[in-house]
Amino acid sequence: MGRSIWVLTLALGIGLSACRTVPSVPPSAADAPPPEATGGWRATATDADKQRIRGWYKNWQAALADARAKGFGADIDREGVLLQPTAALPNPHLPAGEYRCRTIKVGAQGRGALGYIAYGWFRCRVADEQGLSSLTKLSGSQRPVGLIFPDNLKRQVFLGTLELGDEEMALNYGSDRMRDMAGLVERIGDNRWRLVLPAPAYESLLDVIELVPAG
């Protein structure tokens, strides 16, 4: 059982004696009833994370404006569709498997902080989790761990927590708002996806994690 099942047990209201299962959500967002009716992401997310998802576009625009104002316009343009807010394509499903992933932090929360930071490639894994999918960043000092829920034809929703440093177990989702994470999983090309994390708790105004199959 993946670590992401563990981190969402409290939010889903499921006892450990029930093997930490999650509600079954139809794999097709196009055919699914509203998430509230299926125990989907809106029934699981904290109020703060619902606000993050609602404000994703405004936050993205603010992050880009801050980075460009600090001289990183060429870096943003070089990334092309990866950092374009409306670049999502139909069929956002992220297949199970091993991935290469890299994080770009756009905009800065503090006046003295860098407005743009691009990291190298790390390892991520997507796994099937009882009707949902899990996403785990396996290496690096900041590692998102969580579940992916259906939403609409162009996006899925990620809910999870952040592992730091040498930690070996993620916190339960909803137990620490500074570690909770919420974002959008979108397809932006053939075998290319991104996890967009608006308003992260630390450092940046927007985090974008690019994912491509490791093979």
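Predicted model: local features only at pLDDT ≥ 70, side-chain atom pairs only at ≥ 80, totals over all residues.

Residues are numbered from 1 along each chain as its sequence is written, and side-chain values use heavy atoms, with hydrogens and water left out.

**Stop 1: the cores.** Select Trp41, Leu83, Val106, Tyr116, Leu159 and Leu206, the residues with the most contacts inside the largest nonpolar core, which has 27 residues. A nonpolar core here is a set of buried Ala, Val, Leu, Ile, Met, Phe, Trp, Tyr and Cys residues joined through side-chain atoms within 4.5 Å; buried means under 20% relative accessible area, exposed over 50%, and partly exposed in between (1.4 Å probe, protein chains only). Next, color α6 (56–69), β1 (97–106), β5 (142–152), β6 (155–164), β7 (180–189) and β9 (206–213), the elements that each give two or more residues to this core. Helices (H or I, at least four residues) and strands (E, at least two) are DSSP runs, numbered from the N terminus. Which element gives the most to this core? That's α6, with 5 residues. Apart from this core lies another, of 16 residues, including Leu94, Cys124, Leu135 and Leu195.

Stop 2: Cys101 sits in strand β1 and Cys124 in strand β3 (residues 122–129), 23 residues apart. Cys101 is buried at 0% relative accessible area, and Cys124 is buried at 3%.

**Stop 3: Val185.** Jump to strand β7 and pick Val185, which is buried with a relative accessible area of 1%. Leu195 is 10 residues away in sequence, yet the C-alpha to C-alpha distance is 4.6 Å. Leaving out residues up to four places away in sequence, Val185 also touches Pro92, Leu94, Ile148 and Phe158, among others; contact means heavy atoms within 4.5 Å.

**Stop 4: helix α5.** Select residues 47–54 and highlight the buried ones, Asp49, Arg52 and Ile53. They cover an arc of only 95 degrees around the axis, so they lie on the same side of α5 (the arc is that of the directions from the helix axis to the C-beta atoms). Finally, bring up α4 (41–44), α6, β6, β7 and β8 (192–198), against which the buried residues of α5 pack.
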